[in-house]
Amino acid sequence: MEREATEILLALRRLVAAPVPGASWRLRAFLPASGLIRVRLEDDVSRAVLIELPHRPGVAPTSLGFWWYVGALRGAARWVADNTEAGALDLGTFPAAGVLPDVVEVTADDGLDYVVADLVGDPYGHAPAAAVAPDLYHLVGFDTRHHGVVRLYCALPERGFIGIDVGTTDPESGTFRPVGWWASTKLIALLTPEASESLDALRAPEAEGPHCNAVYEATSWS
């Protein structure tokens, strides 16, 4: 499931910065679980909805199998916009509503996105590693906690699944960090075996949740 979660996350990543077409929702959390995928959507007025989508491994055609989730989330988000204000929608909601596609859905936007992404070597179609340093970690999910803080769910060889809270804003000024602030370089420095004591010092037992074995507070460190 770890590898599949990575590919699904790469497919849905385009909905982090841009709203779902036809709706105002943006992806703010991706939380893989056994037999399903949980995502949280938020809009510009701070409404939030937690959505559960079924696990659909190997949906044909194989070359676009995990792209099914893009169409599924688009259909779910549009249904949510028309039928509910906020809350949590469980695994049975969208099949019952008939809004999940039976096959992989590809739109004109998807086609253009694919051509550009494929030619520049987007990892979705080119053996995704889910990490800049796959021997140290694999990114399997994320959760926006509050303004400027995101929890990264990573699989580590020795520690299993952990959550690391990092800041997208500067801890002193509160301004957003510029794109290109070397998030992966800082994470690698924290996760190298020689720095294990530094990681342990950042553990936040009070922040631990159901999606990982331990949580580490690195917003100021990073």
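These notebook entries record what I looked up in a predicted model.

**Entry 1. Ground rules**

I worked on a predicted model, in which local features need pLDDT of at least 70, side-chain atom pairs count only at pLDDT 80 or more, and totals for chains, interfaces and linings use all residues. Residues are numbered from 1 along each chain as its sequence is written, and side-chain values use heavy atoms, with hydrogens and water left out.

**Entry 2. Aromatic pairs**

I began with the rings. I took rings of Phe, Tyr and Trp (its six-membered ring) as paired if their centres lie within 6.5 Å, with planes under 30 degrees apart counted as stacked, over 60 as edge-to-face and the rest as tilted. By this rule I found two aromatic pairs. The ring centres of Trp 68 and Tyr 69 are 5.0 Å apart and the planes stand at 85°, so I noted this pair as edge-to-face. Trp 68 and Tyr 69 are buried; the term means under 20% relative accessible area, with exposed over 50% and partly exposed in between (1.4 Å probe, protein chains only).

The rings of Trp 79 and Phe 94 have centres 5.7 Å apart and planes at 85°, so this pair is edge-to-face. The pair links distant parts of the chain, since Trp 79 is in helix H3 (residues 68-83) and Phe 94 is in helix H4 (residues 93-97), 15 residues apart. Helices (H or I, at least four residues) and strands (E, at least two) are DSSP runs, numbered from the N terminus. Trp 79 is partly exposed because its relative accessibility is 24%, whereas Phe 94, at 0%, counts as buried.

**Entry 3. Helix H3 and the cores**

I next checked the length of H3. The expected span of a helix is 1.5 Å times one less than its number of residues. For the 16 residues of H3 this gives 22 Å, and the end C-alpha atoms are 22 Å apart, which agrees. The buried residues of H3 include Val 70, Leu 73, Arg 74 and Val 80.

I then looked up the nonpolar cores, each a set of buried Ala, Val, Leu, Ile, Met, Phe, Trp, Tyr and Cys residues joined through side-chain atoms within 4.5 Å. The largest has 52 residues, of which Leu 12, Phe 30, Ile 51 and Leu 73 touch the most other members. H3 gives the most to this core, with eight residues. Apart from it lies another core of six residues, among them Ala 29, Tyr 153, Cys 212 and Val 215.

**Entry 4. Phe 30 and the strands**

Which residues stand across from Phe 30 in the strands S2 and S5? In S2 the bridge partner of Phe 30 is Val 39, and in S5 Phe 30 stands opposite Phe 142. I counted two strands as paired if DSSP finds at least two bridges between them. Strands S1 (residues 26-33) and S2 (residues 36-42) run antiparallel and are joined by seven bridges. S1 also runs antiparallel to strand S5 (residues 138-146), with two bridges. Leaving aside neighbours within four places in sequence, the contacts of Phe 30 (heavy atoms within 4.5 Å) include Ile 8, Leu 12, Ile 37 and Val 140.

The hairpin of S1 and S2 has two residues between the strands, and Gly 35 there takes a positive phi near 80°. S2 and strand S3 pair in the antiparallel sense over seven bridges, with Glu 42 opposite Ala 48 in S3. Five residues lie between S2 and S3 in their hairpin, and Ser 46 in the turn has a positive phi of about 70°. S3 (residues 48-54) is largely enclosed by the rest of the structure, because five of its seven residues are buried. With strand S4 (residues 87-89), S3 pairs in the parallel sense over three bridges; Leu 50 has Ala 88 in S4 as its bridge partner.

**Entry 5. Asp 110 in helix H5**

Is Asp 110 buried or exposed? Asp 110 has a relative accessible area of 5% and is therefore buried. I located Asp 110 in helix H5 (residues 108-119). Its side chain makes a polar contact with the side chain of Trp 67 at 3.3 Å. A polar contact is a pair of N or O atoms within 3.5 Å; within protein, one must be able to donate a hydrogen and the other to accept it, and residues adjacent in sequence count only if both atoms are side-chain atoms. The side chain of Asp 110 also reaches the backbone nitrogen of Thr 107 at 3.0 Å. Just after H5, Gly 121 takes a positive phi of about 80°.
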